[in-house]
Amino acid sequence: MSTHAKRERLLLADLLETAGPEAPTLCEGWTTRDLAAHVVVRERRPDAAGGLLVKQLASRLERVTAEFLAKPYDELIGLIRTGPPRFSPFSLKQVDEMSNVIEFYVHAEDVRRAQPDWTPRELDRVFQDALWSRLERSARLMGRGVPTGLVLRRPDGQTAVARRGTPVVTVTGQPSELVMFAYGRQSAAKVELDGDENAIAELRASKQLGI
C-alpha cells in the first residue's frame, strides 16, 4: 500500500522534473536543482547531512552537496524517485513515514507555491490528520526561536502550543497550511492570525520559524 511519504516523494519528483533545474523555490536562494540536491544528500549521505544541524559538519555538507549539484539534473530526480538505499534508516517504512511526510510535503509546496499561478491542493482528511499529528510533535521545536507566544489551531479547535509567552499570536488554518507556516513559509501559508498587531507583524517577519 502506498504511504503518504511515498506519494509526496513521487509528487515532488514530478514537480521538480516539470519545473526544470533553474526554477525558483520558496527556499531562499535555492533553485529546484539546489532543492533536489538537498533531498538526495539528506537521504543518501547521512555522514554529511548532519551538517544541517551540527555546525562542525557544515563544511562537509557543503562539499558533498557540491558533488551532487554537479550531477545531471535528471539523475537527481531519478535518485529521489528511487528512494534511499537499503543501508539508510529512511528505507524503513516506519522511519520514512515519520520523517518524510512533512519533509516531502513542504518541499513539494516549495516548488508549487513559488509559481505565480499556484492554487491550494485539495487534501483529504486522512492526510490532514497525518500532517497534524506530526506537527503537534514538532511544534515546539519549530517555534522555539520566535519572538512571541505562538498557538497553532485547526478550524475544529484542536490546538498545539509552539511557544509559550506573551503576547500570544494564534494561527488558524488547515494542518497543511499550519505546517507551511510553522516551517518558515509564513508568506505562502493560507492562515489567519489573531493577536496583538505588533506581535503579528513580528511573527510574520520572523526568520526563526522552522529548523
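Modeller: Before we start, a quick term: a residue is called exposed when its relative accessible area is over 50%, and buried when it is under 20%. Bear in mind too that this is a predicted model.

Biologist: Thanks! Which exposed residues sit on the face of H5 turned away from its buried side?

Modeller: Those are Asp 74 and Thr 82.

Biologist: And which residues of H5 are buried?

Modeller: Tyr 73, Leu 76, Ile 77, Leu 79 and Ile 80 are the buried ones in H5. Looking down the axis of H5, they fall within an arc of 160°, so they line one face of the helix.

Biologist: Why would residues three or four places apart point the same way?

Modeller: Because an α-helix has 3.6 residues a turn.

Biologist: Nice. What do the buried residues of H5 pack against?

Modeller: Their partners are H1, helix H2 (32-44) and helix H4 (58-69).

Biologist: What comes just after H5?

Modeller: Gly 83, which takes a positive phi of about 90°.

Biologist: Switching to H1, then. Is Glu 8 buried or exposed?

Modeller: Glu 8 lies in helix H1, residues 4-19. Its relative accessibility is 0%, and the cut-off for buried is under 20%, so Glu 8 counts as buried.

Biologist: A glutamate in there! Which side chain does Glu 8 have a polar contact with?

Modeller: With the side chain of Arg 121, at 2.9 Å.

Biologist: What else does Glu 8 touch?

Modeller: Leaving aside residues up to four places away in sequence, Glu 8 touches Val 101, Phe 104, Tyr 105, Ala 108 and Phe 127, as well as Arg 121.

Biologist: How many residues line the second largest pocket, and which lie nearest its centre?

Modeller: The lining has 14 residues, and Thr 3, Lys 6, Arg 9, Ser 91 and Asp 96 lie nearest the centre. By type, the lining divides into five nonpolar, four polar and five charged residues.

Biologist: Last one: where is Val 168?

Modeller: Val 168 is in strand S3, residues 168-172. At 36% relative accessibility, Val 168 counts as partly exposed.

Biologist: And what does Val 168 touch?

Modeller: Gly 149, Val 151, Asp 194 and Gly 195, again not counting residues up to four places away in sequence. Val 168 is also 32 Å from Pro 116, C-alpha to C-alpha, with the two 52 residues apart in sequence.

Definitions and conventions
Residues numbered from 1 in each chain as written. Predicted model: local features only at pLDDT ≥ 70, side-chain atom pairs only at ≥ 80, totals over all residues. Heavy atoms only, no water. Helix = DSSP H or I, 4+ residues; strand = E, 2+ residues; numbered from the N terminus. Buried < 20%, exposed > 50% of the residue type's maximum accessible area, 1.4 Å probe, protein only. Polar contact = N/O pair within 3.5 Å; in protein donor to acceptor, adjacent residues only side chain to side chain. Contact = heavy atoms within 4.5 Å. 1 Å grid on protein atoms, 1.4 Å probe; cavity = no way out; pocket = protein on both sides within 12 Å on 5 of 7 lines; lining within 4 Å. Nonpolar A, V, L, I, M, F, W, Y, C, P; charged D, E, K, R; others polar. Arc of directions from axis to C-beta.
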